[in-house]
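Please keep the structure open while you read.

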Amino acid sequence: TATVSVLNWLNRRHPMRNATLLLALAAPAAAAGAAACAAGAVAYGAEYEAYKARGGCRAGDAVLREKRSFFCTDAAWWKVWCMEEVCQPCVPGSGVHEPTGRRFRDLAAEEERKANALQENLHTGDDVDGEDFDGSLLQGDVWANLQNMLAVKSVESFLAGAFSTTKLAFAWVNVASSNVLFPFTNFVDGFRPGDKEADKWKKPVAGETVGVVSFASRFAHLKNDFSKDYPFFHRYYTGGRVPSWEDNEQHERGVSLLDRGIAAARAVGFEPITALYSMADRFAFDNEGIIKATWEGFAFLNARDVAMASNGVHGVKVVESYATKDTLGVLATDSVFSAHLHYDAGIDRYVLDLADLEKYAPLEGYMRIGGRAEFALRPDLNRLETMKLVFFNETYEVVDFADHATEAAYQNNQLVGWRKAEKAIIASLLALTNLVMHVKDLHLELAAAFQAVSVDAFAHAVDHPLSRLLRPFIHRSIQATNDNFKLLFDYNAAEFSLAPLPTGEQLKLIATFIEEKPLALEDLDMARYAADRNMPVEATGPDGFWRWHKRTAAVEALYEEMVECYLARNFDSEADLLADADVQAWWASMYTHLPALNRTDSAWASKDLTRQGLVNVLKVMTTWLSWVHEDVGHSAAAFVYNPVYTPMAVPADGKGIPFRMVSFNVAAYRGFVFLNRAKLLDAPPADWHSAPAGDKKCYMDFQAALTRLGETDEDFAQCGADGFYSCVDNVETAVSS
């Protein structure tokens with residue numbers, strides 16, 4: 001990050017040919033790499049020496065990949081970072097370390113050949129900084145160049161190529177950085193190669209608290225304290241630290257690498273996120289080309305793998321399977337975007353009204369967010385069809401999907417007419433989903449405070465029934481939330497990855513929604529959710545089209561059954577429950593530290609604890625923190641990896657897809673959002689349950705029922721590689737990423 005940032009900063013101030021500039025950066029870059037390796041040697045010296053002494057992998061070590069790079073157990077991060085060798089596969093159980101890989105040094109001749117071939121193929125006439133957009137990235141032969149460039153793995157060959165444009169360097173660095181950072185963020189306990197299932201869960205330490213603190217106090221130490229200008233950070237809560245039973249060391253080291261890169265760039269007066277601002281280089285509307293440029297060379301997954309919390313690059317295929325140009329109608333029916341629908345009986349249409357977003361200034365060069373779309377139900381397809389689009393001063397009363405001029409421009413990588421309005425509204429839906437449903441509702445309002453309150457309330461009684469019940473649904477939420485907020489709002493990664501708005505505008509948007517549309521927890525109950533949106537039976541009934549709601553309501557019902565079962569097996573009566581001082585103290589702390597719950601004081605739930613109130617709160621919290629978080633989190637792969645059909649931002653001129661934005665978003669989501677964490681269908685550890693109470697059956701029955709939904713219900717079958725949602729066996733237990 002620092003190298004690319006400095007490269008761009010120098011380029012704008014001291015234009016040079018790329019060869020000279022890259023050579024000038026080679027020495028400090030090599031020194032930084034050597035320093036990082038030396039620091040790693042100190043930190044992991046004993047572990048690494050043991051790894052070398054045993055000659056590589058131990059018998060029985062798991063093989064993470066069958067291609068490209070093999071990463072064996074605990075020393076994986078070292079080999080990624082220092083590029084010591086192409087890791088070799090283990091032969092599980094044989095006691096033999098098969099030398100099927102090749103030493104890194106043996107690749108030199110091949111890499112030199114690739115670098116020379118690349119130099120011959122590159123557009124040598126491009127300006128170093130690429131500021132004058134000439135459409136070169138819209139030419140077909142760029143993909144061959146990118147493939148050659150991305151195949152070059154060594155730093156030496158990369159520099160020797162003397163690239164004549166920084167855009168290819170930017171793509172390469174994104175992939176290379178992903179390879180370095182991925183093990184730090186993904187390989188927590190239970191998810192490293194060779195870890196056991198039981199390693200995912202550690203029992204809470206008796207007497208240990210994390211401290212329930214405001215977000216403002218949690219981030220006050222940052223030099224760039226993003227919370228100081230927004231009073232709402234004083235009214236929402238998180239944990240003061242990550243509990244010791246949730247390993248954080250590896251994750252923290254990964255974040256510290258970013259800290260150093262950001263600090264280095266800022267030290268020379270350069271804000272790293274501005275490296276993405278240039279729109280001179282753009283992709284064509286070329287799905288396969290974009291996949292190659294953003295995935296080729298990534299060591300842990302292939303683009304279409306559904307594994308390790310990635311749903312793969314399948315959004316393109318899913319959209320095209322509907323055989324319609326009406327992408328927005330498809331998304332309004334079959335994706336999480338349908339959560340924003342309401343029914344207007346006066347015009348007999350379903351509406352997505354995004355006018356609340358229109359007041360916020362976009363990043364320079366991008367379209368504003370906002371707009372409105374109206375849909376009619378197609379009974380023959382049980383799907384919505386787009387009837388009207390309104391985007392600021394442009395209105396399309398009856399969308400003509402066959403409009404010749406619009407289609408001709410699209411074939412020439414240009415958005416005009418209804419297509420431009422549609423793509424801008426899709427980008428706006430992504431912004432609303434990211435900023436309000438995901439960041440505000442789930443991370444800011446609910447998840448982190450839920451874990452902090454629950455850990456501290458039961459620190460003296462870790463075997464309490466309610467502590468055991470809550471354990472899977474509060475897992476790693478403090479870690480995920482605190483680090484995410486730092487990345488998003490301190491590093492300014494929110495720009496592009498959440499919405500095409502400057503960080504300050506995004507925080508203003510969140511503040512406005514808090515003040516003007518305050519969240520009450522009872523409004524997230526699926527029955528109320530549908531009623532508040534005036535949704536008729538044709539949407540919510542057994543054969544209704546509103547599949548997001550049907551899926552979520554079905555899972556909410558399963559959670560309600562599980563909670564009822566658990567309470568029945570651990571408390572003899574409601575009086576027994578209400579007499580429990582620990583439950584009462586936890587309930588009071590929940591009302592104090594979760595404003596969304598504090599705004600709920602009705603028959604549904606009130607400050608005076610009732611059994612039904614507890615059931616209502618827990619069924620909604622568990623549904624949203626696991627199931628809905630998956631819809632707005634990992635399921636976003638269908639959109640993030642699909643910028644042709646579902647762009648996260650649209651250039652104001654409608655031309656192509658900004659290269660740097662897409663490269664960054666793919667790398668950011670792949671490495672920091674789609675993190676492999678515990679799943680609902682994982683085997684539960686023993687400390688969640690009490691044998692005398694027999695409450696393990698409650699969770700096992702929940703898992704069995706959820707499995708049946710995934711196997712027999714068509715609304716749940718359209719998932720993973722075949723839909724816009726994660727499949728049931730990949731849904732996390734909590735807001736843990």
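Why is the disulfide of cysteine 719 and cysteine 727 right-handed? The torsion about its S-S bond is about 90°, so this disulfide is right-handed. The model is a predicted one, and a search of the whole structure finds 2 disulfides.

**Disulfides**

- In the disulfide formed by cysteine 719 and cysteine 727, the sulfur atoms lie 2.0 Å apart, and both of these cysteines are buried.
- Cysteine 565 and cysteine 698 also form a disulfide, with their sulfur atoms 2.0 Å apart, and because the torsion about this S-S bond is about -70°, the disulfide is left-handed.
- This pair links distant parts of the chain, since cysteine 565 sits in helix α22 (residues 547-570) and cysteine 698 in helix α29 (residues 696-712), 133 residues apart.
- Cysteine 565 is partly exposed, with a relative accessible area of 21%, whereas cysteine 698 is buried, with a relative accessible area of 3%.

**Nonpolar cores**

- The largest nonpolar core has 186 residues, and the members that touch the most others are Phe233, Trp548, Trp586 and Trp624.
- Helix α15 (residues 417-457) supplies the largest share of this core, namely 25 residues.

**Contacts of phenylalanine 233**

- If its neighbours within four places in sequence are left aside, phenylalanine 233 is in contact with Ser214, Phe215, Ala216, Phe226, Ser227, Leu444, Phe485 and Leu507.

Note on methods:
Residues are numbered from 1 along each chain as its sequence is written. This is a predicted model: local features need pLDDT of at least 70, side-chain atom pairs count only at pLDDT 80 or more; totals for chains, interfaces and linings use all residues. Side-chain values use heavy atoms; hydrogens and water are left out. A nonpolar core is a set of buried Ala, Val, Leu, Ile, Met, Phe, Trp, Tyr and Cys residues joined through side-chain atoms within 4.5 Å. Buried means under 20% relative accessible area, exposed over 50%, partly exposed in between (1.4 Å probe, protein chains only). Helices (H or I, at least four residues) and strands (E, at least two) are DSSP runs, numbered from the N terminus. Contact means heavy atoms within 4.5 Å. A disulfide is a pair of cysteine sulfur atoms within 2.5 Å.
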